Amino acid sequence: DTFTVTGLPAGYTAVPVITGTITNAGTEANVVTSYAIKLGYEDVTAQFSNVTTKDGTLTVTKRAVTMTSATDEKAYDGVPLTNHTVTVTGDGFVTGEGATYNVTGSQLLAGSSDNTFTYELNSGTLAGNYVIETVFGKLKVTKNTAAIVITADDGTWMYDGQPHSKDRFTVTGLPAGYTAVPVIKGTITNAGTEANVV
């Protein structure tokens with residue numbers, strides 16, 4: 001409700017009634033609906049014949065909001081890599097306004113992909129009041145570098161003219177829930193030793 005006045009003689013004041021108001025992004029006229037001209041406390045409006053009112057303009061600009069999903073990384077462990085965090089930067093949402101997010105990004109095998117998401121503005125949050133940008137973070141799964149050792153079992157027999165083999169083995173270093181299925185190619189018939197090859 002601020003205003004400027006030009007042309008009044010010294011000692012006089014103008015008291016306008018201004019009714020412009022705006023809430024959402026856009027422009028509205030700031031309208032002078034009436035006025036009084038006073039000398040001290042006395043209303044002398046009727047003594048002036050050449051008074052012009054000019055409306056002002058009220059402008060609300062849009063807020064810039066950037067929504068960014070998380071970037072994350074881990075070694076392959078058989079469990080999909082997900083991260084449902086979405087960070088809002090820029091001007092941000094007005095207090096009490098915002099959005100809900102559905103993060104769908106997922107990376108299971110070694111490699112990388114976008115941490116994709118969609119959003120829905122909360123009730124009372126108008127898209128027209130914001131310039132919204134979405135940025136997808138990256139989900140990266142690296143190969144598992146744990147030391148996994150597959151060891152074929154040893155076997156000992158007394159010579160009996162028959163071929164012998166042993167396909168048992170031990171495994172160390174595998175993550176919980178995983179199994180190894182090696183092909184073991186060791187066989188022996190005559191006295192001596194042979195490698196039991198994995």
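Why does Thr 142 count as partly exposed? Its relative accessibility is 25%, which means that Thr 142 falls in the partly exposed class (buried is under 20% relative accessible area, exposed over 50%, partly exposed in between, with a 1.4 Å probe and protein chains only).

## Basis

This is a predicted model, in which local features need pLDDT of at least 70 and side-chain atom pairs count only at pLDDT 80 or more, while totals for chains, interfaces and linings use all residues. Residues are numbered from 1 along each chain as its sequence is written, and side-chain values use heavy atoms, with hydrogens and water left out.

## Thr 142 and its surroundings

Thr 142 belongs to strand β13, residues 137–142 (strands are DSSP runs of E, at least two residues, numbered from the N terminus). Leaving aside neighbours within four places in sequence, Thr 142 is in contact with Glu 73, Lys 74, Ala 75, Tyr 76 and Ala 110 (contact means heavy atoms within 4.5 Å). Tyr 130 is 12 residues from Thr 142 along the chain, and their C-alpha atoms are separated by 38 Å.

## The sheet

Strand β13 is part of an open sheet of 3 strands, in the order β7-β13-β10 with mixed pairing (two strands pair if DSSP finds at least two bridges between them). The edge strands, β7 (72–75) and β10 (111–115), each pair on one side only.

Strands of a sheet pair through backbone hydrogen bonds, either parallel or antiparallel. For β10 and β13 the sense is antiparallel, over 5 bridges. Asn 115 has Gly 137 in β13 as its bridge partner.

Key. Helix = DSSP H or I, 4+ residues; strand = E, 2+ residues; numbered from the N terminus.
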